[in-house]
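This report walks through a few local features of the structure shown below, one topic at a time. Please keep the sequence and the model at hand while reading.

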Amino acid sequence: MPRSAGENAGMQTIDAAMLWTPSGWRGDAGFDIDAGRVRAQDRAQPTGSGHWIVPGLPNLHSHAFQRAMAGLAEHQTNPEDSFWTWRETMYRFAARFDPDTLHAVAAQLYAEMLEAGYTTVCEFHYLHHAPDGRPYADPAAMSRALISAARDTGIRLTLLPVLYMSGGFDGRALSERQQRFGHGIDDYLRLLDTLRRDEHDGLRIGCALHSLRAVPAEAMREVLAALPGDSPVHIHIAEQIGEVQDCISIRGAPPVEWLLANAEVDARWTLVHATHLTDEEVQGIANSGATVAICPTTEANLGDGLFPLRAYLDAGGAWGIGSDSQISVSPIEELRWLEYGQRLATRHRNIAVLPGTASVGETLLRGTLASGANATGHAIGSLADKQCADWIVLDSDAPQFAGVTAHDAVDRWIFSGNRNLVRDVHVAGTQVVAEGRHRDRDAIARRYRAAIETLSG
Ligand SMILES: [Zn+2]
(Lines give C-alpha, C1' and ligand atoms only; values in the text may rest on other atoms or scores of the structure.)
Protein backbone atom coordinates (compact mmCIF):
# COMPACT_ATOMS: atom_id res chain seq x y z
CA MET A 1 0.00 0.00 0.00
CA PRO A 2 1.63 3.27 -1.03
CA ARG A 3 2.11 5.73 1.82
CA SER A 4 1.52 8.57 -0.46
CA ALA A 5 -0.13 6.94 -3.39
CA GLY A 6 1.18 7.75 -6.83
CA GLU A 7 4.82 7.81 -5.72
CA ASN A 8 5.78 5.35 -8.41
CA ALA A 9 2.98 5.84 -10.88
CA GLY A 10 4.88 8.07 -13.34
CA MET A 11 3.23 10.77 -15.42
CA GLN A 12 -0.35 10.00 -16.44
CA THR A 13 -2.96 12.01 -18.30
CA ILE A 14 -6.56 12.01 -17.10
CA ASP A 15 -9.21 13.07 -19.60
CA ALA A 16 -12.65 14.32 -18.70
CA ALA A 17 -15.69 15.09 -20.81
CA MET A 18 -16.46 17.69 -18.16
CA LEU A 19 -14.15 18.85 -15.39
CA TRP A 20 -15.35 20.87 -12.38
CA THR A 21 -13.21 23.98 -11.80
CA PRO A 22 -13.70 26.88 -9.38
CA SER A 23 -15.44 28.76 -12.17
CA GLY A 24 -17.73 25.89 -13.16
CA TRP A 25 -17.69 23.01 -15.65
CA ARG A 26 -15.06 22.99 -18.35
CA GLY A 27 -15.64 20.78 -21.38
CA ASP A 28 -13.10 18.34 -22.86
CA ALA A 29 -10.53 19.15 -20.23
CA GLY A 30 -7.83 16.99 -18.80
CA PHE A 31 -4.91 17.10 -16.43
CA ASP A 32 -1.55 15.44 -15.98
CA ILE A 33 -0.64 13.79 -12.72
CA ASP A 34 2.73 12.78 -11.37
CA ALA A 35 3.75 11.58 -7.90
CA GLY A 36 0.26 12.15 -6.54
CA ARG A 37 -0.03 15.75 -7.71
CA VAL A 38 -1.64 17.51 -10.65
CA ARG A 39 1.08 18.84 -12.94
CA ALA A 40 -0.89 20.86 -15.46
CA GLN A 41 -4.49 21.50 -16.32
CA ASP A 42 -4.46 23.11 -19.72
CA ARG A 43 -5.39 20.35 -22.09
CA ALA A 44 -8.40 20.46 -24.30
CA GLN A 45 -8.53 17.26 -26.24
CA PRO A 46 -11.96 15.75 -26.89
CA THR A 47 -11.71 12.07 -25.97
CA GLY A 48 -15.32 11.01 -25.78
CA SER A 49 -14.53 9.46 -22.41
CA GLY A 50 -17.86 10.70 -21.07
CA HIS A 51 -16.42 11.22 -17.61
CA TRP A 52 -17.69 14.00 -15.37
CA ILE A 53 -14.87 14.67 -12.93
CA VAL A 54 -15.05 16.63 -9.67
CA PRO A 55 -12.24 17.25 -7.15
CA GLY A 56 -12.52 15.01 -4.09
CA LEU A 57 -14.55 16.46 -1.23
CA PRO A 58 -13.17 17.40 2.19
CA ASN A 59 -14.85 16.19 5.37
CA LEU A 60 -13.97 18.82 7.96
CA HIS A 61 -15.17 17.08 11.12
CA SER A 62 -15.17 13.42 12.12
CA HIS A 63 -15.14 11.39 15.33
CA ALA A 64 -14.35 7.98 13.84
CA PHE A 65 -15.30 5.80 16.81
CA GLN A 66 -18.87 7.15 16.72
CA ARG A 67 -19.45 5.24 13.47
CA ALA A 68 -20.05 2.16 15.60
CA MET A 69 -22.81 3.79 17.68
CA ALA A 70 -24.75 5.32 14.79
CA GLY A 71 -28.37 4.28 15.19
CA LEU A 72 -27.94 3.20 18.81
CA ALA A 73 -29.09 6.38 20.52
CA GLU A 74 -32.52 6.79 18.94
CA HIS A 75 -34.69 5.41 21.78
CA GLN A 76 -36.28 8.01 24.00
CA THR A 77 -35.07 7.59 27.57
CA ASN A 78 -36.66 10.77 28.83
CA PRO A 79 -38.94 13.40 27.25
CA GLU A 80 -36.11 15.86 27.90
CA ASP A 81 -33.56 13.88 25.83
CA SER A 82 -30.95 16.25 24.41
CA PHE A 83 -27.35 16.55 23.36
CA TRP A 84 -26.36 16.12 27.01
CA THR A 85 -28.22 12.81 27.47
CA TRP A 86 -26.80 11.61 24.13
CA ARG A 87 -23.35 12.49 25.40
CA GLU A 88 -23.74 10.11 28.36
CA THR A 89 -24.55 7.26 25.94
CA MET A 90 -21.57 8.26 23.81
CA TYR A 91 -19.24 8.28 26.83
CA ARG A 92 -20.31 4.79 27.88
CA PHE A 93 -19.63 3.63 24.36
CA ALA A 94 -16.30 5.44 24.03
CA ALA A 95 -15.03 3.65 27.13
CA ARG A 96 -14.90 0.32 25.27
CA PHE A 97 -12.40 1.18 22.54
CA ASP A 98 -8.78 0.12 22.30
CA PRO A 99 -6.37 0.72 19.41
CA ASP A 100 -7.44 -2.45 17.55
CA THR A 101 -11.17 -1.79 17.67
CA LEU A 102 -10.60 1.88 16.83
CA HIS A 103 -8.56 0.87 13.79
CA ALA A 104 -11.26 -1.51 12.54
CA VAL A 105 -14.09 0.99 13.01
CA ALA A 106 -12.12 3.85 11.46
CA ALA A 107 -11.19 1.72 8.43
CA GLN A 108 -14.86 0.87 7.85
CA LEU A 109 -15.78 4.53 8.16
CA TYR A 110 -13.01 5.79 5.89
CA ALA A 111 -13.87 3.24 3.20
CA GLU A 112 -17.49 4.44 3.38
CA MET A 113 -16.34 8.05 3.17
CA LEU A 114 -14.32 7.31 0.04
CA GLU A 115 -17.25 5.53 -1.58
CA ALA A 116 -19.35 8.62 -0.81
CA GLY A 117 -16.83 11.01 -2.39
CA TYR A 118 -14.97 12.34 0.65
CA THR A 119 -11.24 12.07 -0.14
CA THR A 120 -9.85 13.98 2.86
CA VAL A 121 -10.97 13.76 6.46
CA CYS A 122 -10.22 15.93 9.49
CA GLU A 123 -10.25 13.56 12.45
CA PHE A 124 -11.06 15.38 15.71
CA HIS A 125 -9.52 12.80 17.98
CA TYR A 126 -9.88 12.71 21.77
CA LEU A 127 -9.87 9.00 22.74
CA HIS A 128 -6.20 9.23 23.67
CA HIS A 129 -5.65 6.97 26.68
CA ALA A 130 -6.80 3.69 28.17
CA PRO A 131 -10.32 3.87 29.67
CA ASP A 132 -8.97 4.52 33.18
CA GLY A 133 -7.06 7.54 31.89
CA ARG A 134 -3.59 6.00 31.95
CA PRO A 135 -1.56 6.55 28.78
CA TYR A 136 -0.90 3.48 26.64
CA ALA A 137 2.71 2.20 26.51
CA ASP A 138 2.91 4.20 23.29
CA PRO A 139 1.03 7.39 24.26
CA ALA A 140 0.24 7.89 20.56
CA ALA A 141 -1.26 4.40 20.10
CA MET A 142 -4.82 5.59 19.45
CA SER A 143 -3.61 8.30 17.06
CA ARG A 144 -1.57 5.72 15.22
CA ALA A 145 -4.63 3.47 14.89
CA LEU A 146 -6.39 6.28 13.03
CA ILE A 147 -3.34 7.05 10.90
CA SER A 148 -3.02 3.44 9.86
CA ALA A 149 -6.76 3.16 9.10
CA ALA A 150 -6.38 6.16 6.80
CA ARG A 151 -3.30 4.71 5.13
CA ASP A 152 -4.95 1.28 4.68
CA THR A 153 -8.05 2.75 3.07
CA GLY A 154 -6.25 5.44 1.07
CA ILE A 155 -8.06 8.49 2.47
CA ARG A 156 -6.09 11.70 2.99
CA LEU A 157 -5.96 12.57 6.69
CA THR A 158 -5.63 15.65 8.83
CA LEU A 159 -5.29 14.27 12.33
CA LEU A 160 -6.33 16.74 15.00
CA PRO A 161 -5.35 15.43 18.44
CA VAL A 162 -7.68 17.12 20.88
CA LEU A 163 -6.66 19.05 23.98
CA TYR A 164 -9.26 18.32 26.67
CA MET A 165 -8.43 19.61 30.15
CA SER A 166 -11.52 20.48 32.16
CA GLY A 167 -15.12 19.35 32.51
CA GLY A 168 -16.71 22.80 32.29
CA PHE A 169 -16.19 26.57 32.09
CA ASP A 170 -15.72 26.67 35.87
CA GLY A 171 -12.51 24.65 35.44
CA ARG A 172 -13.85 21.55 37.19
CA ALA A 173 -11.81 18.37 36.83
CA LEU A 174 -12.63 15.80 34.16
CA SER A 175 -15.30 13.30 35.17
CA GLU A 176 -14.46 9.62 35.42
CA ARG A 177 -15.66 9.00 31.88
CA GLN A 178 -13.65 11.92 30.50
CA GLN A 179 -10.33 10.68 31.94
CA ARG A 180 -9.18 9.05 28.75
CA PHE A 181 -9.53 12.35 26.85
CA GLY A 182 -7.27 14.40 29.12
CA HIS A 183 -3.76 15.83 28.77
CA GLY A 184 -1.55 18.33 30.54
CA ILE A 185 -0.11 20.95 28.21
CA ASP A 186 3.39 19.44 28.07
CA ASP A 187 2.15 15.92 27.35
CA TYR A 188 -0.15 17.29 24.70
CA LEU A 189 2.56 19.25 22.92
CA ARG A 190 4.83 16.20 23.11
CA LEU A 191 2.11 14.12 21.41
CA LEU A 192 1.88 16.66 18.58
CA ASP A 193 5.67 16.68 18.18
CA THR A 194 5.83 12.89 18.06
CA LEU A 195 3.08 12.64 15.47
CA ARG A 196 4.46 15.44 13.32
CA ARG A 197 7.55 13.35 12.66
CA ASP A 198 5.35 10.99 10.65
CA GLU A 199 3.78 13.68 8.48
CA HIS A 200 3.87 13.05 4.73
CA ASP A 201 1.96 14.14 1.66
CA GLY A 202 -1.13 12.21 2.77
CA LEU A 203 -0.97 13.10 6.48
CA ARG A 204 -1.07 16.46 8.24
CA ILE A 205 -1.08 16.89 12.00
CA GLY A 206 -3.07 19.86 13.29
CA CYS A 207 -4.35 20.95 16.67
CA ALA A 208 -7.84 20.74 18.14
CA LEU A 209 -9.05 22.52 21.24
CA HIS A 210 -12.04 20.47 22.33
CA SER A 211 -14.11 23.56 23.22
CA LEU A 212 -13.82 26.66 25.35
CA ARG A 213 -15.45 24.77 28.21
CA ALA A 214 -12.72 22.09 28.09
CA VAL A 215 -9.67 24.35 27.64
CA PRO A 216 -8.88 27.11 30.18
CA ALA A 217 -7.97 30.46 28.64
CA GLU A 218 -4.35 30.38 29.79
CA ALA A 219 -3.82 26.86 28.45
CA MET A 220 -5.26 27.90 25.11
CA ARG A 221 -2.79 30.76 24.83
CA GLU A 222 0.13 28.57 25.76
CA VAL A 223 -0.70 25.85 23.24
CA LEU A 224 -1.41 28.29 20.42
CA ALA A 225 1.92 30.01 21.02
CA ALA A 226 3.74 26.68 20.71
CA LEU A 227 2.19 25.60 17.39
CA PRO A 228 3.95 25.82 14.03
CA GLY A 229 2.72 28.86 12.10
CA ASP A 230 0.88 26.82 9.48
CA SER A 231 -0.90 24.38 11.79
CA PRO A 232 -4.65 24.01 11.29
CA VAL A 233 -6.54 24.75 14.52
CA HIS A 234 -10.04 23.36 15.07
CA ILE A 235 -12.46 23.94 17.95
CA HIS A 236 -16.07 23.03 18.86
CA ILE A 237 -17.43 26.51 19.43
CA ALA A 238 -21.15 27.17 20.00
CA GLU A 239 -23.08 23.96 19.54
CA GLN A 240 -25.38 24.19 22.54
CA ILE A 241 -27.35 27.06 24.07
CA GLY A 242 -26.28 25.80 27.50
CA GLU A 243 -22.58 26.25 26.74
CA VAL A 244 -23.21 29.68 25.21
CA GLN A 245 -24.96 30.75 28.44
CA ASP A 246 -22.17 29.33 30.62
CA CYS A 247 -19.59 31.13 28.53
CA ILE A 248 -21.46 34.42 28.90
CA SER A 249 -21.81 34.04 32.65
CA ILE A 250 -18.21 32.91 33.31
CA ARG A 251 -16.18 34.60 30.56
CA GLY A 252 -18.44 37.57 29.97
CA ALA A 253 -19.18 36.98 26.28
CA PRO A 254 -20.61 34.26 24.02
CA PRO A 255 -18.00 31.78 22.73
CA VAL A 256 -17.29 33.21 19.30
CA GLU A 257 -17.10 36.78 20.55
CA TRP A 258 -14.79 35.65 23.37
CA LEU A 259 -12.58 33.64 21.00
CA LEU A 260 -12.27 36.47 18.47
CA ALA A 261 -11.22 38.82 21.27
CA ASN A 262 -8.75 36.40 22.88
CA ALA A 263 -7.03 34.58 20.02
CA GLU A 264 -5.66 35.57 16.64
CA VAL A 265 -8.35 33.76 14.70
CA ASP A 266 -7.46 33.61 11.03
CA ALA A 267 -7.64 31.31 8.01
CA ARG A 268 -5.89 28.51 9.91
CA TRP A 269 -8.94 28.18 12.16
CA THR A 270 -11.99 25.99 11.74
CA LEU A 271 -14.93 26.66 14.05
CA VAL A 272 -17.05 23.54 14.36
CA HIS A 273 -20.79 23.92 15.05
CA ALA A 274 -20.87 27.70 15.08
CA THR A 275 -24.58 27.18 15.51
CA HIS A 276 -25.65 29.87 17.97
CA LEU A 277 -24.33 33.26 16.82
CA THR A 278 -25.16 36.92 17.18
CA ASP A 279 -25.13 39.07 14.03
CA GLU A 280 -21.80 40.54 15.14
CA GLU A 281 -20.32 37.08 15.56
CA VAL A 282 -21.49 36.07 12.07
CA GLN A 283 -19.65 39.05 10.62
CA GLY A 284 -16.69 38.55 12.94
CA ILE A 285 -16.06 34.98 11.78
CA ALA A 286 -16.40 35.99 8.14
CA ASN A 287 -13.94 38.87 8.60
CA SER A 288 -11.41 36.64 10.37
CA GLY A 289 -11.02 34.29 7.39
CA ALA A 290 -11.79 31.26 9.58
CA THR A 291 -13.87 28.39 8.21
CA VAL A 292 -17.06 27.19 9.83
CA ALA A 293 -17.53 23.40 9.80
CA ILE A 294 -21.25 22.73 9.57
CA CYS A 295 -22.48 19.18 10.25
CA PRO A 296 -26.16 19.40 9.28
CA THR A 297 -27.19 15.77 9.81
CA THR A 298 -25.49 15.50 13.21
CA GLU A 299 -26.73 18.93 14.28
CA ALA A 300 -30.25 17.80 13.35
CA ASN A 301 -29.80 14.41 15.02
CA LEU A 302 -28.62 16.02 18.26
CA GLY A 303 -31.21 18.79 18.21
CA ASP A 304 -28.50 21.45 18.24
CA GLY A 305 -30.14 24.20 16.21
CA LEU A 306 -29.77 25.76 12.78
CA PHE A 307 -26.70 27.53 11.44
CA PRO A 308 -27.55 31.04 10.12
CA LEU A 309 -26.42 30.16 6.60
CA ARG A 310 -28.01 33.03 4.67
CA ALA A 311 -26.59 35.71 6.94
CA TYR A 312 -23.19 34.02 6.87
CA LEU A 313 -23.12 33.83 3.06
CA ASP A 314 -24.08 37.51 2.92
CA ALA A 315 -21.17 38.27 5.24
CA GLY A 316 -18.82 36.46 2.85
CA GLY A 317 -17.89 33.67 5.28
CA ALA A 318 -16.01 30.46 4.46
CA TRP A 319 -17.68 27.16 5.36
CA GLY A 320 -17.48 23.42 4.77
CA ILE A 321 -19.19 20.26 5.95
CA GLY A 322 -18.43 17.41 8.35
CA SER A 323 -19.92 14.01 9.07
CA ASP A 324 -19.20 14.41 12.80
CA SER A 325 -21.14 11.65 14.62
CA GLN A 326 -21.37 9.52 11.42
CA ILE A 327 -25.14 9.08 11.55
CA SER A 328 -24.78 9.87 7.85
CA VAL A 329 -21.65 9.34 5.76
CA SER A 330 -22.79 11.25 2.71
CA PRO A 331 -21.67 14.69 1.59
CA ILE A 332 -24.81 14.83 -0.52
CA GLU A 333 -27.04 14.41 2.51
CA GLU A 334 -25.07 17.05 4.45
CA LEU A 335 -25.40 19.58 1.63
CA ARG A 336 -29.04 18.80 0.99
CA TRP A 337 -29.94 19.25 4.65
CA LEU A 338 -27.87 22.39 4.92
CA GLU A 339 -30.19 23.89 2.31
CA TYR A 340 -33.39 22.15 3.48
CA GLY A 341 -33.00 23.38 7.06
CA GLN A 342 -33.00 26.94 5.73
CA ARG A 343 -36.05 26.27 3.55
CA LEU A 344 -37.99 24.81 6.48
CA ALA A 345 -37.08 27.72 8.72
CA THR A 346 -37.85 30.48 6.18
CA ARG A 347 -40.61 28.82 4.10
CA HIS A 348 -38.72 29.84 0.95
CA ARG A 349 -36.78 27.87 -1.66
CA ASN A 350 -33.29 28.11 -3.18
CA ILE A 351 -31.61 29.88 -0.27
CA ALA A 352 -27.91 29.02 -0.74
CA VAL A 353 -26.96 31.05 -3.77
CA LEU A 354 -24.33 33.69 -4.27
CA PRO A 355 -24.18 36.54 -6.79
CA GLY A 356 -23.30 35.08 -10.17
CA THR A 357 -24.62 31.56 -9.43
CA ALA A 358 -28.32 30.85 -9.39
CA SER A 359 -27.69 27.14 -8.85
CA VAL A 360 -27.99 26.00 -5.22
CA GLY A 361 -26.03 22.84 -5.93
CA GLU A 362 -23.14 24.73 -7.50
CA THR A 363 -23.02 27.21 -4.63
CA LEU A 364 -22.90 24.33 -2.14
CA LEU A 365 -20.23 22.44 -4.08
CA ARG A 366 -18.09 25.58 -4.45
CA GLY A 367 -18.26 26.35 -0.74
CA THR A 368 -17.41 22.78 0.22
CA LEU A 369 -14.41 22.54 -2.10
CA ALA A 370 -13.12 26.00 -1.24
CA SER A 371 -13.03 25.10 2.46
CA GLY A 372 -10.63 22.22 1.99
CA ALA A 373 -7.20 23.81 1.78
CA ASN A 374 -7.38 26.03 4.87
CA ALA A 375 -9.27 23.62 7.08
CA THR A 376 -7.22 20.51 6.28
CA GLY A 377 -3.79 21.96 5.52
CA HIS A 378 -3.61 19.89 2.32
CA ALA A 379 -3.44 21.35 -1.21
CA ILE A 380 -6.94 20.21 -2.15
CA GLY A 381 -10.17 21.61 -3.53
CA SER A 382 -9.32 21.95 -7.20
CA LEU A 383 -7.47 20.01 -9.88
CA ALA A 384 -5.19 22.90 -10.83
CA ASP A 385 -1.42 22.64 -11.18
CA LYS A 386 0.42 21.37 -8.04
CA GLN A 387 -2.79 20.39 -6.26
CA CYS A 388 -3.31 16.93 -4.80
CA ALA A 389 -4.54 14.52 -7.48
CA ASP A 390 -7.76 13.59 -5.66
CA TRP A 391 -10.84 13.24 -7.81
CA ILE A 392 -14.28 11.68 -8.19
CA VAL A 393 -15.80 10.32 -11.40
CA LEU A 394 -19.56 10.76 -11.39
CA ASP A 395 -21.72 7.95 -12.78
CA SER A 396 -22.96 9.70 -15.90
CA ASP A 397 -24.82 6.51 -16.95
CA ALA A 398 -27.16 6.73 -13.95
CA PRO A 399 -30.80 7.53 -14.78
CA GLN A 400 -30.60 10.73 -12.70
CA PHE A 401 -28.15 12.06 -15.27
CA ALA A 402 -30.30 11.30 -18.33
CA GLY A 403 -30.13 14.42 -20.49
CA VAL A 404 -27.63 16.06 -18.15
CA THR A 405 -26.09 19.41 -19.08
CA ALA A 406 -23.47 21.59 -17.43
CA HIS A 407 -26.35 23.81 -16.35
CA ASP A 408 -27.95 21.19 -14.10
CA ALA A 409 -25.36 18.47 -13.39
CA VAL A 410 -24.45 19.51 -9.85
CA ASP A 411 -28.07 20.13 -8.85
CA ARG A 412 -28.99 16.66 -10.13
CA TRP A 413 -26.10 15.13 -8.18
CA ILE A 414 -27.23 16.72 -4.93
CA PHE A 415 -31.00 16.94 -5.26
CA SER A 416 -32.18 13.87 -7.17
CA GLY A 417 -32.48 10.97 -4.80
CA ASN A 418 -30.38 8.51 -2.84
CA ARG A 419 -28.53 6.42 -5.41
CA ASN A 420 -24.83 7.16 -4.86
CA LEU A 421 -23.62 8.80 -8.07
CA VAL A 422 -19.94 8.55 -7.13
CA ARG A 423 -18.58 5.86 -9.44
CA ASP A 424 -14.77 6.01 -9.10
CA VAL A 425 -12.54 7.75 -6.59
CA HIS A 426 -8.82 8.49 -6.81
CA VAL A 427 -6.62 9.84 -4.03
CA ALA A 428 -3.09 11.03 -4.80
CA GLY A 429 -3.55 9.55 -8.26
CA THR A 430 -4.37 6.05 -6.99
CA GLN A 431 -7.78 4.53 -7.55
CA VAL A 432 -9.41 3.50 -4.27
CA VAL A 433 -13.04 3.12 -5.38
CA ALA A 434 -14.14 1.49 -8.64
CA GLU A 435 -17.78 1.16 -9.74
CA GLY A 436 -18.87 2.42 -6.33
CA ARG A 437 -16.91 -0.16 -4.31
CA HIS A 438 -13.86 0.46 -2.16
CA ARG A 439 -10.99 -1.81 -3.24
CA ASP A 440 -10.99 -3.61 0.17
CA ARG A 441 -14.65 -3.25 1.04
CA ASP A 442 -15.25 -6.89 2.03
CA ALA A 443 -12.11 -7.43 4.13
CA ILE A 444 -12.63 -4.13 5.94
CA ALA A 445 -16.27 -4.99 6.68
CA ARG A 446 -15.24 -8.40 8.08
CA ARG A 447 -12.82 -6.78 10.50
CA TYR A 448 -15.47 -4.22 11.41
CA ARG A 449 -18.00 -6.93 12.29
CA ALA A 450 -15.43 -8.65 14.49
CA ALA A 451 -14.67 -5.35 16.22
CA ILE A 452 -18.37 -4.73 16.85
CA GLU A 453 -18.59 -8.15 18.48
CA THR A 454 -15.68 -7.25 20.75
CA LEU A 455 -17.19 -3.86 21.56
CA SER A 456 -20.56 -5.34 22.48
CA GLY A 457 -19.08 -8.32 24.36
ZN1 LIG B 1 -17.50 17.07 17.13
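Predicted model: local features only at pLDDT ≥ 70, side-chain atom pairs only at ≥ 80, totals over all residues.

## Cysteines without disulfides

How many disulfides does a search of the whole structure find? The search covers the entire structure and returns zero.

Are C247 and C295 buried or exposed? C247 counts as buried because its relative accessibility is 0%, and C295 counts as buried because its relative accessibility is also 0%.

## Helix 3 and its two partners

Helix 2, which spans residues 99–116, and helix 3, which spans residues 141–153, have axes that come within 8 Å and cross at roughly 35°, and this crossing is right-handed. On the helix 2 side the contact is made by P99, L102, H103, A106, A107, Y110, A111 and L114, while helix 3 contributes A141, M142, A145, L146, S148, A149, A150, D152 and T153. Sorted by class, the residues of this contact comprise 13 nonpolar, three polar and one charged.

Helix 3 also crosses helix 4, residues 185–196, with the two axes coming within 11 Å and meeting at an angle of roughly 35°. The crossing of helix 3 with helix 4 is right-handed. Here S143, R144 and I147 of helix 3 meet L191, T194 and L195 of helix 4, a set of residues that divides into three nonpolar, two polar and one charged.

## I414 in helix 14

I414 belongs to helix 14, which covers residues 409–415, and it counts as buried because its relative accessibility is 1%. Leaving aside residues up to four places away in sequence, I414 touches I332, L335, R336, G361 and L364. The C-alpha atom of I414 is separated by 42 Å from that of P139, a residue 275 positions apart from I414 along the chain.

## Two loop residues with positive phi

Two residues other than glycine can be examined together for their backbone angles: A35 has a phi near 50°, a positive value, and D324 has a positive phi near 50° as well. A35 sits in the loop between strand 2 (24–34) and strand 3 (37–43), whereas D324 is placed in the loop between strand 13 (318–321) and helix 11 (331–346).

Their surroundings can be described in terms of accessibility. A35 counts as partly exposed because its relative accessibility is 34%, while D324, with a relative accessible area of 4%, is buried.

Definitions and conventions: Residues numbered from 1 in each chain as written. Heavy atoms only, no water. Disulfide = S-S within 2.5 Å. Buried < 20%, exposed > 50% of the residue type's maximum accessible area, 1.4 Å probe, protein only. Axes fitted to C-alpha atoms, helices over the stretch in contact; angles between N-to-C directions. Helix = DSSP H or I, 4+ residues; strand = E, 2+ residues; numbered from the N terminus. Left-handed = near helix turned anticlockwise from the far one by under 90°. Contact = heavy atoms within 4.5 Å. Nonpolar A, V, L, I, M, F, W, Y, C, P; charged D, E, K, R; others polar.
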